[in-house]
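Subject: Structure handover

Hello,

Please find the structure below.

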Amino acid sequence: KHLTRVRFEQLKRYIKISNPDEEKIGIEQKRDGDTTQKLWYNKVEPLFSFVLKTSQKLYNPGSSLAVDEVMIRFTGRSQDTYRIQNKPINTGYKIVAICGDPGYTINAIPVSRSRKDHVKEIQIENMRITESIVVNLIESVAENRNGVTLYCDNYYSTIKMFSYLRKKNIAAVGTCKHNQVTPSIKKQTEKLKKSAPWGTIITDVKDDVLVAAWQDNTWVSMLTTAHSGSEKVIKSRRRPRTTSSNSKTTRKMFGEHARKELPIPKFIEDYNKNMGYVDIADQLRSYYCCM
């Protein structure tokens, strides 16, 4: 009645009008019935929750799920943004998401660099916040289901979390940092260093979690509650470059061949096959960017 659509959009580019009370980050909002919690992302929370609930109704996930962080690009000033090196989007808001095949996002939790109130409410006793977030995500999906396997990278993988999930009948597979392996595996890998032939597997068990180290171009450390450690599959492998680490040991397996079919542990094959669901979700989201 007062101005044209084009004029309104021109003004809207530069002017933001909102209720001052809603500007207070951390405002208490009702969510899931009578539960109240302080949310730093309160402005987008109603739409965020609606999209997640609708996604869960429309999609029945398979047995293999992957969890990883999703970065939403934002380069402005904010105490809630992260800066992560070696990421396609290295600066912005971070969301921990759980995705299934083929890159369908089932559930997610936004996290803040400085404010932890909304995630402390789901923190499990004797667990870190990152571990509690992953457990909360997978339990929301795996409830009343059997045969679910979670895949995660070394940022989230811990023996404590994998052991906890095993007791909940949820299997887990993931790479882990060297300080997460048992003292027995540390001692053996340090003793062998680069002298171990390609394909050497060293295993140990702690708290019903299989801890394994596999000699590829370098030692690869893994945690799994879904494999025995002795299962292998034949895969076509590419010969590493001469500049790659431990190339002398690895290139002996290939001889003059650029590619060769070699046996690799099944937990490595399953991890490589299923861990990329979150990356596929990022790719699909990039096609319909709204920013």
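The notes cover the source, then salt bridges, then cysteines.

This is a predicted model, in which local features need pLDDT of at least 70 and side-chain atom pairs count only at pLDDT 80 or more, while totals for chains, interfaces and linings use all residues. Residues are numbered from 1 along each chain as its sequence is written, and side-chain values use heavy atoms, with hydrogens and water left out.

The structure holds eight salt bridges (a side-chain nitrogen of Lys or Arg within 4 Å of a carboxyl oxygen of Asp or Glu). Among them is Arg-115 with Asp-80, whose closest N and O atoms are 2.4 Å apart. Arg-115 sits in the loop between strand 6 (104-111) and helix 3 (117-120), and Asp-80 in the loop between strand 3 (64-73) and strand 4 (82-83), so the pair ties together parts 35 residues apart in sequence. Helices (H or I, at least four residues) and strands (E, at least two) are DSSP runs, numbered from the N terminus. Asp-80 is buried at 5% relative accessible area, and Arg-115 is partly exposed at 23% (buried is under 20%, exposed over 50%, partly exposed in between; 1.4 Å probe, protein chains only).

For disulfides (cysteine sulfur atoms within 2.5 Å), the count is zero. Cys-99 is buried at 0% relative accessible area, and Cys-152 is buried at 0%.

Regards
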